[in-house]
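Okay, hi everyone, thanks for coming.

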Amino acid sequence: MTGTTMTGRSRDFQERATRVFGGGTLSIWKLPDDVPITVSRGQGAHVWDVDGREFVDYLMGSGPMLLGHCHPGVMAAVQAQLARGTHFHLNNERAVEFAEQVVAAVPCAEAIKFTSSGTEATFYALRLARVATGRQLVLKFEGALHGSHDYAVQSTAPPALSPYPRGVPDSDGIPTGASESVLIGEFNDLGGAQRLVERCGTDLAAIIVEPLQRALRPEPGFLAGLRALADSCGALLIFDEIVTGFRLAWGGAQERYGVIPDLCTLGKAFAGGFPVGAVCGRRDVLDLTQASRRGQAAYAWFGGTFNGNPIGAAAGLAALDALAADGVYDRLHQIGSTLRAELNALGQEVGLPVQAIGDGPVSQVFFGTGPLHSYRDTLATDQTRRMQFGNELLRRGILVNPGEKLYLSLAHSDADLDRFLSAARGALHSLR
Ligand SMILES: Cc1ncc(COP(=O)(O)O)c(C=O)c1O
């Protein structure tokens, strides 16, 4: 894809989408008006729009497509399951097999409950923590994204600093009680978390953290410190591994960073591109969902029509099979490190303060010179340039969510990386 202006069927679909979708978009963001991409198909690390224009994909479905689009193993597994039935709302072969594999892989997992999305998974993880502890407060970190429910959309992307430990709801319509039950801390500020625990620890049900917060790495000792704080006050530690699970390592961020939470949430990549989420962790906590407890003992309602859907489970089994191959995580870390190093070098070459941060196949680009440890640090960088950089990549045939994370996959070839870096060089020059 070259050139800066797009016309044709993509634009027609864009106009139709604007008319038919509430708010004009599928989720919470949309592409700039001059790049109205409407996807027709994807293959590997590439997508084509309805006008036949090809893009190298660094959005990857917002993370689920870690194996690339139309991975042959996933496609075959899904086709085989399609012929046997698409949904039962009952124990089924694929769901049990998939659950066993996930539980065997994830260090904290003694048991698992499936959901249909990441949002449901974090919602239920927090409910489980509240039932397990009989407490209401949860601590989350400014800038962390845990989905779209009322306890999650608290200081996810506040335009100004949060009045710690109070948060800023990211949406209207959230009951005050929900907002008041969520305390906000600063990622990588263990001292701050400690002070909060000293003040409110006896009321704290959970500390929920993205172990790699967006693309911000945890500093040495931060996650272990949260583990110790949760233990000290009897709260549960929840790792939201919806991005990091099976992506930073086979056992996710808990394996990579060596800290084991009580519960973790999974989603995105682990089901090979199908809408599946999960909560896994301590059996005693997950067993609070036993129907026989209702009205008799502490009980956590945990339902969902599509939980354990066999198509998603078949896709997940095939995805785990592919991810278990030798060298997978070496490759994901190698291409991620190369991408970040080359981007930082390009920044120097062009004379812009580029900071490409992240871990493994997850990266994000900021424009600023200060150290980046927390959301506050990222807020102090040049937000306009960050968006412009993304928009310029789009205009050069690189599919991204402007300003947000870049997702690499096993389908990205060295040539795909080169195309990205050449587009990035052009984009950076145009920003100067
Ligand atoms: C870390 C994290 N948690 C939770 C979610 C929510 O997942 P979903 O969009 O499937 O509801 C996301 C989505 O991007 C996420 O990145």
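One term before we start: a polar contact here is a pair of N or O atoms within 3.5 Å. Keep in mind that this is a predicted model.

So, the ligand. Look at Thr-119: a polar atom of its side chain sits 2.6 Å from a ligand oxygen, which means it counts as a polar contact under that cut-off. Gly-118 uses its backbone instead, with a polar atom there 2.9 Å from an oxygen of the ligand. And Leu-145 has a backbone N or O atom 3.3 Å from a ligand nitrogen. On its own, the ligand has 390 Å² of accessible area, and the protein covers 79% of that.

Who else is around the ligand? The surrounding residues include His-146, Glu-210, Arg-214, Asp-240 and Lys-268. Sorted by class, the shell has three nonpolar, five polar and four charged residues.

Okay, now over to strand β12, residues 362-367. Is this strand buried or exposed? Six of its six residues are buried, so the rest of the structure largely encloses it. In a regular strand, side chains alternate between the two faces of the sheet. Here, Val-362, Gln-364 and Phe-366 point one way, while Ser-363, Val-365 and Phe-367 point the other.

And its neighbours? β12 pairs with β11, residues 354-359, in the antiparallel sense over six bridges; Gly-358 has Ser-363 as its bridge partner.

Technical notes:
Residues numbered from 1 in each chain as written. Predicted model: local features only at pLDDT ≥ 70, side-chain atom pairs only at ≥ 80, totals over all residues. Heavy atoms only, no water. Near = heavy atom within 4 Å. Polar contact = N/O pair within 3.5 Å; in protein donor to acceptor, adjacent residues only side chain to side chain. Areas by Shrake-Rupley, 256 points an atom, 1.4 Å probe, with all protein chains shown as cover. Nonpolar A, V, L, I, M, F, W, Y, C, P; charged D, E, K, R; others polar. Buried < 20%, exposed > 50% of the residue type's maximum accessible area, 1.4 Å probe, protein only. Helix = DSSP H or I, 4+ residues; strand = E, 2+ residues; numbered from the N terminus. Pairing = 2+ DSSP bridges.
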